[in-house]
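Dear colleague,

I am handing over the structure below, followed by an account of what was found in it. Please read the text with the structure open beside you.

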Amino acid sequence: MGRSDSALKVSEQIRPWFEAGFRYVLVSGANRWQQMEDDQPSSSATKTPASFQGGKSHARPSNQSLSVRAPQTPQASPGKKATPFSTLWTQYWNSVTKKPKVIFTYYELGQDLTGNPDPARRSFFQQLMNRLTWPKGTCAFWPMAAYHDNSHYPDESLFWRGAIKLMAGYMACFGEQALSVICPGAKVGQVVMKNDVLVYALPSIEDLARMEQDAFESAIKDISALRF
């Protein structure tokens, strides 16, 4: 309990205000409030930061290149170990070619970026890039699913946040499975605009690899026409 009013060291000049119920006064010439009863503990509860209340935070925005929170995976609290998802997406972002003209993506790309790429897919893209003859740095491989414990975890929102930051004007999406994640409703063979990016919906890598030369050339004719 606080001390009685008579025991407080209150200036006679402000005692009438104190007795009227006031406990704070604005100190002249200062931009702060002075508590009259300095030794009394505050009765106000500790406030939760706005960022944890769902309200607006007035903190300065972070300069972090890309947030890497996976779906249904809570963000690690300060001091706690990062989740496998956050580590994977950070690795993907750090290794992706920045400021490309075209983004390539397919469902298994996250798996191929973990250090053990599928030989058949790697061979396919080597041949495709030789066919396209684009300058080095034109194309970036940005995954739409993280790969962990032999499973794929697609994330449309995080994929597009990264794609927008890469600022590419074009995208080649290989296969219906990947297309259903990043452009739901689109069909293979279509060219659609999403988030100011022109998306070419191509057949899967497996289907393209099995095609005869004429069919293959027809399937990639739209992206082959791109020149940089």
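Phe 159, once residues up to four places away in sequence are set aside, touches Thr 105, Trp 142, Pro 143, Met 144, Met 171 and Ile 182. Please keep in mind here and below that this is a predicted model. Phe 159 also belongs to the largest nonpolar core, which has 31 residues and in which Phe 159, Trp 142, Met 144, Trp 160, Met 171 and Ile 182 touch the most other members. Two or more residues of this core come from each of α3 (84-95), β5 (145-148), α6 (156-166), β7, α7 (176-182) and β9. Another core lies apart from it, with 20 residues, among them Phe 125, Leu 128, Trp 134 and Ile 223.

As to the overall composition, the chain has ten helices and nine strands, and 34% of its 228 residues count as buried. Among contacts with a separation of 6 or more, 65% are between residues 24 or more positions apart. The chain exposes about 15000 Å², of which carbon and sulfur atoms supply 50%.

Five of the strands form an open sheet with mixed pairing, in the order β4-β3-β7-β9-β8. Its edges are β4 (139-141) and β8 (191-194), each of which pairs on one side only, and the twist from one strand to the next averages 25°.

The loop between α5 and β4 contains Thr 138. Thr 138 counts as buried because its relative accessibility is 4%, which falls under the 20% cut-off. Leaving aside neighbours within four places in sequence, the residues in contact with Thr 138 are Pro 100, Lys 101, Val 102 and Phe 228.

Turning to charged side chains, the structure holds five salt bridges, and I describe some of them here. Arg 121 and Asp 112 meet through their side chains in a salt bridge at 2.6 Å, N to O. Both partners are buried, since Arg 121 has a relative accessible area of 9% and Asp 112 likewise stands at 9% relative accessibility.

A salt bridge also joins the side chains of Lys 194 and Glu 156, at 2.8 Å from N to O. This pair links distant parts of the chain, with Lys 194 in strand β8 and Glu 156 in helix α6, 38 residues apart. Lys 194 is partly exposed, with a relative accessible area of 22%, and Glu 156 also counts as partly exposed, at 33% relative accessibility.

In the salt bridge between the side chains of Asp 207 and Arg 210, the N to O distance is 2.5 Å. Asp 207 and Arg 210 both lie in helix α8 (residues 205-210), where they are three residues apart, about one turn of the helix. Asp 207 counts as partly exposed at 35% relative accessibility, whereas Arg 210 is exposed, with a relative accessible area of 61%.

With kind regards

Terms used. Residues numbered from 1 in each chain as written. Predicted model: local features only at pLDDT ≥ 70, side-chain atom pairs only at ≥ 80, totals over all residues. Heavy atoms only, no water. Pairing = 2+ DSSP bridges. Helix = DSSP H or I, 4+ residues; strand = E, 2+ residues; numbered from the N terminus. Axes fitted to C-alpha atoms, helices over the stretch in contact; angles between N-to-C directions. Core = buried A, V, L, I, M, F, W, Y, C linked by side-chain atoms within 4.5 Å. Buried < 20%, exposed > 50% of the residue type's maximum accessible area, 1.4 Å probe, protein only. Contact = heavy atoms within 4.5 Å. Areas by Shrake-Rupley, 256 points an atom, 1.4 Å probe, with all protein chains shown as cover. Salt bridge = Lys/Arg side-chain N within 4 Å of Asp/Glu carboxyl O.
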